[in-house]
Structures are given as structure tokens and as C-alpha cells.
Amino acid sequence: MKRILLIVGGGIAAYKSAELIRLLRKRGHAVRCVLTEGGSHFVTPMTLAALSEDKVYTTLWDLTDEAEMGHIQLSRQADLIVVCPVTADLMARMAAGVADDLATTLLLATDTPVLAAPAMNVRMWTHAATVRNVAQLRGDGITVLEPDEGAMACGEYGPGRLPEPVAIAEAIDRALGVSDRLAGRHVLVTAGPTHEPIDPVRYLANRSSGKQGFAIAGALAALGARVTLVAGPVMLPTPAGVDRVDVETAREMAGAVEAALPADVAVMVAAVADWHVAVAVQKVKKGAMPPVLTLAENPDILATLASAANRPPLVIGFAAETERVIEHAAAKRLRKKADWIVANDVSGDVMGGDANTVHIVREGGVESWERLPKATVATRLADAIADALET
Ligand code: CTP
């Protein structure tokens, strides 16, 4: 159990701190809240007290508390201080070392690590003053999370939205160096494209970047899972705590997946080539006629795994579709005998990009996650997997 001191700043996103407290408690942490004057216009001390099951601190001039527990103790007793949401104004005051209320005094009087989750209008986030303050805070050793991009309460669009509470909870666990929701579990992840050689110098490939699969492997490892990542040819660093097996072709990937069993969960994110070519021993020369490639079917790794005797209890497939996304994904789920299909619409610029809209197709129905950064899709999916294993 870790102790988190949560400072709730002013801003519409303050209501999401309630969800954050719930998630942190679920992860076994104790949460004690400080509510700023600005924050108190958006959430009540009563809400935070009920969710944290602790007293909520609001003012520096509460003499009883100063006698019982000075503001210095309040921060010393915490393993991590989290400011959520942190506003442009609060960051400016933190960067300047102002100490004119309980929150800023605590932040100045502590050497406990601090993590801040910003939420503000896009123009405020991109303003030179805020950019300067964020750089200053990061230079001072404070972890300032990147805000999400999307539609805002003020009607504008861009970066500035508070990251999803589950992503903040994940970042908190990383900052604390703890998370054991998936401890003792082995998760197998495939990611990236496969390359199917045509001759010694050419191959068939696809546009998969591997980013989503790598992010998922990292998010699962952050929850304490032992992760085997079977990766097709991609130029990505191995996420912390992940065992990586590099492969080139679909048949090599199938072999590596089988060799990695048994597993509790399999998440098949790879864009596996459906066919391979009868490989020419020598480089195919440019002749009078263009060569004809004869394709043969590759093993379906997901379908084979989902029907195997040593099938992992939870098998998750991905489906990249360009039309009738959910309908096709639902059919794919049944055809391949996967428990869940994570479907995404790749008719836009998803492949290689950083954002993703996905639909989680399960037996009970469909849940859609709209336009999220791939990192957030990863943390949400890892949390959903942990939820599924706990029930
Ligand atoms: N998959 C796999 N092995 C293959 C092909 C696909 O394991 N040879 C997995 C992918 O990792 C992914 C899911 O199956 O989890 C996606 O399959 P997809 O290629 O979309 O399905 P297909 O059966 O090829 O259907 P489609 O006709 O839509 O291409």
C-alpha cells in the first residue's frame, strides 16, 4: 500500500479526480486529498472525503490541523504527491515557488516526488508562458504528464484535456514503481507486421508500425505481468520489463507463439501476412516478363491458438477493418474463437499514427473508445484485462 497526497486544482476536469481516487483505492493505495480554493468550485470536500475515506484539507489557516498535523507532515507522510488537475495558473505558481495557499505551500515544503496531470484550454497549454513553466517544472524534477488531445469542455479541439484517469493511475503506479494487478500472470503479445520474402532481397509487407502492440506490452508489464512480446520487423525500443522475441515471417511468428506457451492471456496485435511466397533462391532478375508470384496461405496464429488444447484462458484478437467495422469484428471473433476482438477502423491515418479509435467486441456487447492516444488504449486494455482476470 502506498500513500498518495492528491491535490485537486480548479478546472472542469476536477470531477475526474473522483474517478482517479476510486481507481487508486482499487489498486490498494491510500489517498488523502487537498482541495484548492479553485477546485472547491468544481468538486466538494464531501465527495473527496467519501471516496478517499479520509479528511480533506482545504486551508493553510486551519489551526487545529496545524496543531494536529502541520502541512509539512501532510506531504512527508506521502509516497507521492499528485496534482490532478493542475491548471496553467497552479503550474505558474509552482514554477515560481509561490506558497500562498495550502497546496503551493505543501509543494514548496516537500522533497516527496510530484506528478502533475494538466487540464486546460488548448491555447493556454500551447501559450509560451505555459510551455516555459512546464519546462521549468520538468527541470525541477516534477513529472508533468502530457495532456490528451480531443474535444474540450470549452468547445475547442486540441491538446489540453486531462489524460484518462486510468492512464493517470498507471503513470502513478509507474512513478511509485509498483503495480501488481497482473503479478504472476504470463501474457503473450504479438506486434508489428510480418515480412514474407520473395527472394534474398525483396519481401511482401504491410503498413503496421507495431506501436499499438508495443504500448500494450509495456502497459501489461507496468501492471506486473511477465510479458513475452513476439515482434515482427519494427524499429521500436523494447518496453521496460518486457521479454522480446524478434521474428520476420508469419511462420516464424507462429513458432515463437507456440514456444512461449503456456500463457494466461494472449493479445494478438500483429498484422500477420495472410500469405507467403515460394521464395526464389536467387535474386529475381528483370526479364522480358514481370514475374508471377505464387502465394500460399500462412497459418492463422490467432485461430490456431484459440482452438489449441493449451489455449490461454483469455485470447484477444485485433481486427483492422476499413468498413462495417463492428459487424466484421463480431464475425471474426466467432470465426477465430477469440474471447475479445479489439476492432479499429484503418480507413484513415491510424497505421503508423499515434491515435486510435477502437471497439472492444465481447460476448456481452461492444464498448467503444474514441480517438485515444495509442498509449491510453494500451493502459485501458491492460486494466480491462486485469479486471477480467480478477472476476
Ligand atoms: N492473425 C493471426 N494470424 C494470421 C492472420 C491474422 O494471428 N495469419 C490475427 C491478427 O494478429 C489479429 C487478427 O488475427 O489479431 C486479425 O485478423 P485479420 O487479418 O483482420 O483477419 P483475416 O482472417 O485475415 O480477415 P480479413 O479477411 O479481414 O483479412
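How many residues surround the ligand, and which are the closest? The legends below begin with that site. The model is predicted: local features need pLDDT of at least 70, side-chain atom pairs count only at pLDDT 80 or more, and totals for chains, interfaces and linings use all residues. Residues are numbered from 1 along each chain as its sequence is written, and side-chain values use heavy atoms, with hydrogens and water left out.

**Figure 1. Residues around the ligand.** The ligand is surrounded by 13 residues, and the closest are Met268, Ala270, Leu302, Phe318 and Lys332. The shell comprises seven nonpolar residues, one polar and five charged; Ala, Val, Leu, Ile, Met, Phe, Trp, Tyr, Cys and Pro count as nonpolar, Asp, Glu, Lys and Arg as charged, and the others, Gly among them, as polar. At least two shell residues each come from α12 (301–306), β17 (314–321) and α13 (325–336), and α13 supplies the largest share, three residues. Helices (H or I, at least four residues) and strands (E, at least two) are DSSP runs, numbered from the N terminus.

Figure 2. A ligand nitrogen lies 2.9 Å from a polar backbone atom of proline 299, and a ligand nitrogen lies 3.0 Å from a polar backbone atom of isoleucine 301. The side chain of aspartate 274 places an N or O atom 3.2 Å from a ligand oxygen. Of the 580 Å² of accessible area that the ligand has on its own, the protein covers 76% (Shrake-Rupley method, 1.4 Å probe; for residues, only the protein chains shown count as cover).

**Figure 3. The largest nonpolar core.** A nonpolar core is a set of buried Ala, Val, Leu, Ile, Met, Phe, Trp, Tyr and Cys residues joined through side-chain atoms within 4.5 Å. Buried means under 20% relative accessible area, exposed over 50%, and partly exposed in between (1.4 Å probe, protein chains only). The largest core has 37 residues, of which Val189, Leu220, Val267, Leu381 and Ile385 touch the most other members. Helix α14 (residues 374–390) gives the most to this core, namely eight residues. Beyond its neighbours within four places in sequence, leucine 220 has contacts (heavy atoms within 4.5 Å) with Leu182, Val187, Val189, Ala225, Val227, Val267, Ala382 and Ile385. Another core, of 29 residues, lies apart from it and includes Ala14, Leu48, Val56 and Leu80.

**Figure 4. Helix α5 and its surroundings.** Within α5 (residues 88–96), Ala88, Leu90, Met91, Arg93, Met94 and Ala95 are buried. These buried residues pack against β4, α6 (102–108), β5 (114–118), α7 (122–126), α8 (128–139) and β6 (143–144).

**Figure 5. Backbone features.** Cysteine 84 and proline 85 are joined by a cis peptide bond with omega of about -5°, and proline 85 belongs to strand β4 (residues 80–86). A cis bond with omega of about 5° also links leucine 261 to proline 262, the latter in the loop between α11 (250–260) and β14 (265–268). Glutamate 53, in the loop between α2 (45–52) and β3 (56–57), has a positive phi near 55°. Its relative accessibility is 62%, so glutamate 53 counts as exposed.

Technical notes: A residue is near a molecule or strand if one of its heavy atoms lies within 4 Å of it. A polar contact is a pair of N or O atoms within 3.5 Å; within protein, one must be able to donate a hydrogen and the other to accept it, and residues adjacent in sequence count only if both atoms are side-chain atoms.
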